[in-house]
Amino acid sequence: MNNKINIANLPTKIEKLEKISAELGVNIFFKRDDQTGSEVSGNKVRKLEYSIKEAIDQGCDTLITCGGIQSNHARSTAAAAIKAGLSSVLVLRTNEEPEVDGNYFVDRLLGADIRFITSDEYSNSRQEIMESIVKELEKDGRKGYIIPEGASNGVGSLGYINFVKEVLEFEEKSDTKFDTVVVAVGSGGTYAGIHMGNDIYLDGKRRVVGFNVCDTAEFFKEKVKEIIEESKEYLNKKDLEKVNSENMDIIDGYVGDGYALSTQEELNFIWDLAKKEGVILDPVYTGKAMFGLHKEIKKGSFKNSKNILFVHTGGLFGLFPKKNQFEFKS
Ligand SMILES: *Cc1c(COP(=O)(O)O)cnc(C)c1O
């Protein structure tokens, strides 16, 4: 599992959220994958370490990827490309001229080649559009490498198998064992990687819970299965025998108003947690997933858990464009 380049700051820190833990009567820890770096920050960099290695091995010089206008993944790709000595083309979804803010602002700072497409084009033909960019580059003697949305494919998800190993190394040095890992699900690669890591290193014994932030749990159970099937091509025989694509534990019901849209309740939750714990969640992924976890703990869905490890997957830049939606009372 070492066929990667090294860009992320690893291992990431694990810290306990004391006040929330006391309030809910269960220990909640955060794995600070938001601190994998500053420009590359977040979960995508663990995946990109593998995708970029594959790109370099194939002799490619330009990374091509896609996402929403505030995509954390696109921004991470633009930053990681520079660090790896490559160029990047970002195909971003927007129906209007966007404000230069948040991740898109960082994309511009990083000098990425940015192409806008509409949400219809994004749903129906983003792959064809990225392939046409490969052809366009070929005319200039360049070689493009396409990374799908979120780097959630077989190779990218390998990054979260290693994440599980990192958690076990932490456990060996402390007296805490995490019985449950919780993560936001946006394109499925992070969940797929942790699920595989749990099978490979722990015989599937820990509970791995996802909260989907778009689509449905059913959609992601299928998508994660496909990603795991793709990842199998990269695994050695011993690991391959251990990995399964069953027992997906994805909790639906916290998409709220829709992908990247925030309810006032979600924003207030982010605000409360910031004041209480000094930790800032993002509005698109971790804000919704942690909001969901909080509710589900109260409902009793985690009554068998003692130590829950929530993966803080990053996304801070995505909060800035939402600043005017917070109802701060003076
Ligand atoms: C992309 C992203 C996720 C979701 O990860 P997937 O692997 O796409 O499911 C979670 N949190 C943040 C901050 C992200 O940018």
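Modeller: Let me settle one term first: a polar contact is a pair of N or O atoms within 3.5 Å, and within protein one atom must be able to donate a hydrogen and the other to accept it, with residues adjacent in sequence counting only if both atoms are side-chain atoms. This is a predicted model, in which local features need pLDDT of at least 70 and side-chain atom pairs count only at pLDDT 80 or more, while totals for chains, interfaces and linings use all residues. Residues are numbered from 1 along each chain as its sequence is written, and side-chain values use heavy atoms, leaving out hydrogens and water.

Now to your question. There are 16 residues around the ligand, and those that come nearest are Lys44, Lys47, Ser187, Thr190 and Thr313; being near takes a heavy atom within 4 Å. Lys47 brings a polar side-chain atom to 2.6 Å from a ligand oxygen atom. For Asn72, a polar side-chain atom lies 2.8 Å from an oxygen atom of the ligand. Gly186 takes part through its backbone, where a polar atom is 2.8 Å from a ligand oxygen atom. The ligand taken alone exposes 380 Å², and the protein buries 98% of that (Shrake-Rupley areas, 1.4 Å probe).

By class, the shell around the ligand holds 11 polar, three nonpolar and two charged residues; Asp, Glu, Lys and Arg count as charged, Ala, Val, Leu, Ile, Met, Phe, Trp, Tyr, Cys and Pro as nonpolar, and the others, Gly among them, as polar. At least two shell residues come from each of α2 (44-57), β7 (180-185) and α7 (189-202). These elements are DSSP runs numbered from the N terminus: helices are H or I with at least four residues, strands E with at least two.

Let us stay with α2 for a moment. Helix α2 also contains Leu48, which counts as buried because its relative accessibility is 1% (buried is under 20%, exposed over 50%, partly exposed in between; 1.4 Å probe, protein chains only). The C-alpha atom of Leu48 is 9.2 Å from that of Ala81, 33 residues apart along the chain. Cys60 sits in the loop that links α2 to β3, and at 8% relative accessibility Cys60 is counted as buried too. Its C-alpha atom is separated by 8.3 Å from that of Leu86, 26 residues apart along the chain.

Strand β4 (residues 87-93) is mostly covered, with five of its seven residues buried. It pairs with β5 (residues 113-117) in the parallel sense over five bridges, and there Leu90 stands opposite Ile114.

Conventions:
Two strands pair if DSSP finds at least two bridges between them.
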